[in-house]
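Subject: Structure handover

Hi,

Here is the structure I promised. Please open it alongside this note. My findings follow below.

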Amino acid sequence: MNENEHDTTLNLKCKLGMKSILPIFRCLNSLERNIEKCKIFTRSDKCKVVIQFFYRHGIKRTHNICFEESQPLQVIFDKNVCTNTLMIQPRLLADAIVLFTSSQEEVTLAVTPLNFCLKSSNEESMDLSNAVYSEMFVGSDDFDFFQIGMNTEITFCFKELKGILTFSEVTHAPISIYFDFPGKPLALSIDDMLVEANFILATLADEPSRASSPQSLCLSQKRKRSDLIKKKAGKNVTGQTLECISRKAAPRRIYPKETLTNISALENCGSPGMKRANGDISEVSESSVSNTEEVPGSRCLRKFSCMFFGAVSSDQQEHFNHPFDSLARASDSEEDMNNGRFSLS
Amino acid sequence: MKFRGKIVDGACLNHFTRISNMIAKLAKTCTLRISPDKLNFILCDKLANGGVSMWCELEQENFFSEFQMEGFSAENNEIYLELTSENLSRALKTAQNARALKIKLTNKHFPCLTVSVELFSMSSSTRIATHDIPIKVIPRKLWKDLQEPMVPDPDVSIYLPVLKTMKSVVEKMKNISSHLVVEANRDGELNLKIETELVCVTTHFKDLGNPPLASESTSQDRNPEHMAEVHIDIRKLLQFLAGQQVNPTKALCNIVTNKMVHFHLLHEDVSLQYFIPALS
């Protein structure tokens, strides 16, 4: 965010509580009817974000919200090299979502070069004989873009998908889905005129040694970038919300060794401040946000700030002795949550 | 045992979905009885249900364009299945704008009722959603408990007022007391009464009309204004009323003094009977 008055560019990464922001923008109808202008700026001396609404007749309403500086985690993931790419109107996927109950934790996506299937995760329906097993087939013709490099079945968190689809119905752009094999992350991308959002979800790894049903933790970080506003006003407005962080899991498995060296290269890129958490994962704070489209293979991954860690089988867990704070529920008690916490600030 | 049916008409599909939603609101678990001409949703009056019982009947011809079934045996050509009602109503939710619905009995790992919905799609390929609803097949020896309940001769039989109005009245009354008195007479008057130490509230419905009684003899020696009453648990009545999303074609109520109240609704061609026993 920039300081308006001095016209200097400052990079501020901060967190704002959703509970603080949501009530301010609650009544959309009344906002659209009565408000002439809305101004958002920061007062970094007071650690506040100020949102001002200018009504008719000279009435002004001001909200001051404290922010916390944060160093968001980044993940190295290039959606453009994924073997499988789909683009579909969110409405069609939303229809499929109706099939599943909210008690369902995971959902499986199965693709072949000819069709697409969204179904209840096998893990769950086998355990509970009372659960309904649902599946929905969508023909490749219903997609705006359908390119499948290999037959795949991936399983990921249903709640996250539901949330993402709810979000996408607000924009009218199609959703793009990028994925590979089980275990590798899945990216859902929405690119509207005003908003670009990328969600990276963890997928269950296909380990034959898996005994019980692991949980897939989905961590996503949404990010909006207002290109239009930037071009017009010459200001760079970004906001980030970091939703949840992992537990100890598979960064090492998802990212091959060479990726870690990329991170050190990024370090040299001039990004301010970086933390290493016991060698398990690196956290790179973003350098200034650029306006350009992401170049495949680009080292400075500005568009993706997200993270996710796939659930791992129990034999992998001894590799990781430094779990992160988990905001997602893990039902396995063998997770050692007391071994230190990963700090973000 | 086999069963397969197909619904292709949009109106029939919506009606079937509405019935299924109603059943889901009335009974968490219910029995589905499949016979060559009818489908029944049954809740029998076990203690677990609080003594409430339900019998819903529909003619399969009015819904299914294709219907084939093979029951337990030639003499007992019926199938009794136990299922969680909500599973069925949720599966049918996808069928709102469907081209066709197929429902059949399958055995995938365990016995299921497979509901398969063919959705409209803009392109040539169809979208098919399938749901496997787990069910339990009810053994033959338990069938006798699941027969149509006998309706004793009522003391008063009266048409019900608009159910929505009744429901909002009962909802408010529930906050005051859980003990409700339902009384009605042959003069078209129905009262709902609650009594506590502090307050008595009565709601009077007038000019409701009475259906002709089967037994004419009793009607001679009874004063038409004489009220027949029954004390019931208000929550059971509320659950029944909450299940009625659409106003029925016909609704009447039979009261057997101090024994039970029997509601008989007709939703177009689907008949629903609901029995609430008196509080002991």
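In chain B, 63% of the contacts with a separation of 6 or more are between residues 24 or more positions apart. Keep in mind that this is a predicted model. Chain B has five helices and 18 strands. It runs to 280 residues, and 50% of them count as buried.

Aromatic rings

Over all chains, the structure holds twelve aromatic pairs. One of them joins B:F72 and B:W143. The geometry is edge-to-face, with 5.8 Å from centre to centre and 70° between the planes. This pair links distant parts of the chain, 71 residues apart. B:F72 lies in the loop between β5 (66-70) and β6 (79-84) of chain B. B:W143 lies in the loop between β10 (136-137) and β11 (156-159) of chain B. B:F72 is partly exposed, at 46% relative accessible area. B:W143 counts as buried, at 4%.

Chain B also has an aromatic cluster. Its members are B:F3, B:F16, B:F63, B:F64 and B:F67.

The charged end of A:K37 sits over the ring of A:F54, and the distance to the ring centre is 5.0 Å.

Cysteines

How many disulfides does the whole structure hold over all chains? The search finds zero. B:C30 shows why for one cysteine. The closest cysteine sulfur to that of B:C30 is in B:C56, 9.0 Å away, so the two are too far apart for a bond. The cut-off for a disulfide is 2.5 Å between the sulfur atoms. B:C30 counts as buried, at 2% relative accessibility. A:C38 is partly exposed, with a relative accessible area of 37%. If you plan around cysteines, those are the entries to look at.

The interface

Now for the two chains together. On the chain B side, 22 residues are in contact with 20 residues of chain A. The chains bury about 1700 Å² between them. Carbon and sulfur atoms make up 55% of that area. Which residues of chain B lose the most area to chain A? They are B:R90, B:R127 and B:D132, together 29% of what that side buries. Between chain B and chain A, the count of salt bridges is zero.

Best wishes

Notes:
Residues numbered from 1 in each chain as written. Chains lettered and ligands numbered in written order. Predicted model: local features only at pLDDT ≥ 70, side-chain atom pairs only at ≥ 80, totals over all residues. Heavy atoms only, no water. Buried < 20%, exposed > 50% of the residue type's maximum accessible area, 1.4 Å probe, protein only. Phe/Tyr/Trp six-rings, centres within 6.5 Å; stacked < 30°, edge-to-face > 60°. Helix = DSSP H or I, 4+ residues; strand = E, 2+ residues; numbered from the N terminus. Lys NZ or Arg CZ within 6 Å of the ring centre and 35° of its normal. Contact = heavy atoms within 4.5 Å. Buried area = accessible area lost by both parts, 1.4 Å probe. Salt bridge = Lys/Arg side-chain N within 4 Å of Asp/Glu carboxyl O.
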